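Try each task before you read its solution.

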Amino acid sequence: MAKARVIIKRRKAVRNIRKITKVMQMIATSRYQKAYRRAVGTKPFVKKIGELVASAVQAVRGSGKPIDHPLLKEPAPGLQKQVVLVVTSNRGLCGGYNGNVLRLANHTIKELEAAGETVELHVSGKKGIAFFRFQHRAMAETHTKIGDTPKFAEIEQVAEKFMKSYTEGKISGVKIVYMRFISVGQQRATVIDVLPLGGVGGEAEAAAPVQYDFMPSAEELLNELIPVTVKITVFQAFIEAAVSEQIARMVAMKAATDAADKMGKKLQQQYNRARQSQITSELAELMGGVEAMK
Amino acid sequence: MATAFKASVITPESILFEADVTGAQVPAFDGLVGIMHQRAPLLAKLGTGVLRLDGAEGTQRYVVAGGYAQMKDDVLTILTNEAIPEDKITAALITAEEAKLETVTGTDLPAMEKRAAIQARVQAMRQVLA
């Protein structure tokens, strides 16, 4: 049986760790609430942009003109270069969050390479960068400054670069691997295709279309709206990844706090036992001494 | 009294404004568009300028830079990447914006467009402050 003093030391260490994990859990909770509000805040914009695209598509189709946009065109045959953007976190201690995303990213890259594609890897988050560096994989671009609260202006630039490369015929597509936020209890590592755009206005209103005054023409508006939908898709991926990260950290820190609680209780028991046996043995020694003196 | 209709200003990050208004002045890409209730459905591209919303509790003004305006079923929706409310516009903000102007150099088209965009924003902000 360990000495009482050693157990006290361990118990103290466990208690201190518990304090830290508890605070981290609380921080993650408050950050999660903030991130969640942001994630919900993007929804109206996304919905409205979808509606506008649908209206513009309908008007253009109604006028009998084909919808023609460089982002809707299929990549040139023979061009096999995919951009894979992996969204991970800058900080660790968030359970399986980064592990799950990176596993799926690795799998996606291998699949693409097996299909004969060249992969241009873009990574956001220090954890992902460290992972791919360890794997000796070249990264075309890395982002570490996006952080917990992605700003639209920052993401816009990322998306614009993708669109530029795509329209210039340098890449054949863009995929994003990130942790999708489904609900508070469920997040899943997911791959989405950002480019080429499969089509637009799929959700076009079936009911009597609204006769809009278009300023400028519906075609010109549509040409401007299509890049916005791409930007929004990328932005949403980053926002959802931020929410998922906070949830993962919250859950991981809750588990750590609970484990520390359990361990503390066990150590307390061990300490009590050690103390008692120490007293018993001291008493026995004392009695033995007294007996010997007689 | 003028009849009210619903209006909202939405950015990708949040909903900035959502209330009943009696009139609105929207900075479309080719000039201001006045909107009152029961206006015919409109889908317009926005330029840089001052968005004015007249409500029961007074007038709200925002500086917007690009985006879209939709009027449908007596609901006005402004979608924009950036809308700065009147009370956030200060002389310091304008100075900071003007400082940005000096960092954009070059005579190629993108640089010139960027400068023009900043100038338009500064002008709109000045208009609000005046």
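**Exercise 1: Domains of chain A**

Chain A is assigned domain 1 (4–27 + 251–293) and domain 2 (30–249), with bounds that come from an automatic or database domain assignment. A word on the ground rules: this is a predicted model, in which local features need pLDDT of at least 70 and side-chain atom pairs count only at pLDDT 80 or more, while totals for chains, interfaces and linings use all residues. Residues are numbered from 1 along each chain as its sequence is written, and chains are lettered from A and ligands numbered from 1 in the order in which they are written.

*Task.* Find how far apart the C-alpha centres of domain 1 of chain A and domain 2 of chain A lie, and describe the side of domain 1 that touches domain 2.

*Solution.* 
- Step 1: the two C-alpha centres are 51 Å apart.
- Step 2: look for contacts, meaning residue pairs whose C-beta atoms, placed from the backbone, lie within 7 Å. Six residues of domain 1 of chain A meet eight residues of domain 2 of chain A in this way.
- Step 3: on the domain 1 side, helix H1 (4–62) and helix H5 (218–293) of chain A each give two or more residues. Helices here are DSSP runs of H or I with at least four residues, strands are runs of E with at least two, and both are numbered from the N terminus.
- Step 4: sort that side by class, where Ala, Val, Leu, Ile, Met, Phe, Trp, Tyr, Cys and Pro count as nonpolar, Asp, Glu, Lys and Arg as charged, and the others, Gly among them, as polar. The domain 1 side has six nonpolar, no polar and no charged residues.

**Exercise 2: The core and a strand trio**

*Task.* Which residues have the most contacts inside the largest nonpolar core? Then trace the pairing around A:Ile176.

*Solution.* 
- Step 1: a nonpolar core is a set of buried Ala, Val, Leu, Ile, Met, Phe, Trp, Tyr and Cys residues joined through C-beta atoms within 7 Å. Buried means 20 or more other C-beta atoms within 10 Å of a residue's own, exposed means 12 or fewer, and partly exposed lies in between, with C-beta atoms placed from the backbone.
- Step 2: the largest core has 89 residues, and A:Ala56, A:Val87 and A:Val101 have the most contacts inside it. H5(A) gives the most to this core, with 21 residues.
- Step 3: setting aside residues up to four places away in sequence, A:Val87 touches a list including A:Val101, A:Ile176, A:Tyr178 and A:Phe238.
- Step 4: strand S1 (81–87) of chain A pairs with strand S4 (residues 173–183) of chain A in the parallel sense over five bridges; pairing requires that DSSP finds at least two bridges. Within S4(A), A:Ile176 is the bridge partner of A:Leu85.
- Step 5: S4(A) also runs antiparallel to strand S5 (residues 186–195) of chain A, with nine bridges, and A:Ile192 in S5(A) stands opposite A:Ile176. Two residues lie between S4(A) and S5(A) in the hairpin they form.

**Exercise 3: Where the chains meet**

*Task.* How many residues does the contact take from chain B and from chain A, and which strands of the two chains are joined by bridges?

*Solution.* 
- Step 1: the contact takes 19 residues from chain B and 21 residues from chain A.
- Step 2: on the chain B side, S4(B) gives the most, with four residues. That side divides into eleven nonpolar, five polar and three charged residues.
- Step 3: strand S6 (residues 213–215) of chain A runs parallel to S4(B), joined by three bridges. A:Met215 has B:Ala44 as its bridge partner in S4(B).
- Step 4: a cis peptide bond links A:Met215 to A:Pro216, with omega about -10°. A:Pro216 sits in the loop between S6 and H5 of chain A.
- Step 5: for confidence, the predictor gives the complex an ipTM of 0.84 and a pTM of 0.84.

**Exercise 4: Positive phi**

*Task.* Are A:Leu93 and B:Asp73 buried, partly exposed or exposed, and where do they sit?

*Solution.* 
- Step 1: A:Leu93, with phi near 55°, lies in the loop between S1 and helix H2 (97–114) of chain A. A:Leu93 is partly exposed because 15 other C-beta atoms lie within 10 Å.
- Step 2: B:Asp73 has a positive phi of about 50° although it is not a glycine, and its place is the loop between S5 and S6 of chain B. B:Asp73 is exposed, because 8 other C-beta atoms lie within 10 Å.

Note on methods: Two residues are in contact if their C-beta atoms, placed from the backbone, lie within 7 Å.
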